[in-house]
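Biologist: I have not looked at this one before. Can you put it up and walk me through it?

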Amino acid sequence: QVQLVESGGGLVQAGGSLRLSCAASGSIRGINTMGWYRQVPGKQRELVATITGNGIANVADSVKGRFTISRDNAKNTVYLQMNSLKPEDTAVYYCNADMRTSYGGSYWPKWGQGTQVTVSS
């Protein structure tokens, strides 16, 4: 069974920093794009940043210049460094990864359970 486990969320003051981590574990035979999304109550989940297997990043305009996505392929882990946090960054942050469990098989998206980030003003 494959799972994504997030960590690093919490409460921080505006202007502060947090680093989220998401580790994939289980019977994994390949990971393509990994990414972070966020959601606040009553709104749709939105993309924050994604990164391909060879390190090409895509970052939402709302966080560009403040958030950095990276990954360690040897550890099947993706990170989100969040600096200069604003109250509007408050949300549940979800990790996502396209993974396969057999060589030659299809890649399927998998979601983590989410981690709360709260930025106080």
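Predicted model: local features only at pLDDT ≥ 70, side-chain atom pairs only at ≥ 80, totals over all residues.

Biologist: What does the side chain of aspartate 61 meet in a salt bridge?

Modeller: Lysine 64, with 3.1 Å from N to O.

Biologist: How many salt bridges does the structure hold?

Modeller: There are 4. Some share partners, and these join Arg38, Glu46, Arg66 and Asp89 into one network.

Biologist: Where do arginine 38 and aspartate 89 lie?

Modeller: Arginine 38 is in strand S4, residues 30–39. Aspartate 89 is in the loop between strand S8 (77–82) and strand S9 (91–100).

Biologist: Arginine 38, buried or exposed?

Modeller: Buried, because its relative accessible area is 7% and the cut-off for buried is under 20%. Aspartate 89 is buried as well, at 1% relative accessibility. Glutamate 46 has 37%, so it counts as partly exposed.

Biologist: Changing topic, to the sheets. What is the order of the strands in the open sheet of 4?

Modeller: The order is S1-S3-S8-S7, and the pairing is antiparallel.

Biologist: Which strands stand at the edges?

Modeller: Strand S1 (3–7) and strand S7 (67–72). Each has a single partner strand, so one side of each has no neighbour in the sheet. From one strand to the next, the twist averages 15°.

Biologist: How many bridges are there between S3 and S8?

Modeller: Strand S3, residues 18–25, pairs with S8 over 6 bridges, in the antiparallel sense. Within that pair, cysteine 22 sits opposite valine 78 of S8.

Biologist: And what holds strands together in general?

Modeller: Strands of a sheet pair through backbone hydrogen bonds, in either a parallel or an antiparallel way.

Biologist: Which strand runs parallel to S2?

Modeller: That is S11, and 4 bridges join it to strand S2, residues 10–13. Leucine 11 is opposite threonine 118 in S11. S11 also pairs with S9, in the antiparallel sense and over 3 bridges. There, valine 92 stands opposite glutamine 116 of S11.

Biologist: Which residues of strand S11 are on its covered face?

Modeller: In strand S11 (residues 115–120), Thr115, Val117 and Val119 make up the covered face. Gln116, Thr118 and Ser120 make up the uncovered one.

Biologist: What does the side chain of asparagine 96 reach?

Modeller: The backbone oxygen of lysine 110, at 3.5 Å. Setting aside neighbours within four places in sequence, asparagine 96 is in contact with several residues, including Leu4, Thr33, Met34, Tyr37 and Trp111.

Technical notes:
Residues numbered from 1 in each chain as written. Heavy atoms only, no water. Buried < 20%, exposed > 50% of the residue type's maximum accessible area, 1.4 Å probe, protein only. Helix = DSSP H or I, 4+ residues; strand = E, 2+ residues; numbered from the N terminus. Pairing = 2+ DSSP bridges. Axes fitted to C-alpha atoms, helices over the stretch in contact; angles between N-to-C directions. Polar contact = N/O pair within 3.5 Å; in protein donor to acceptor, adjacent residues only side chain to side chain. Contact = heavy atoms within 4.5 Å.
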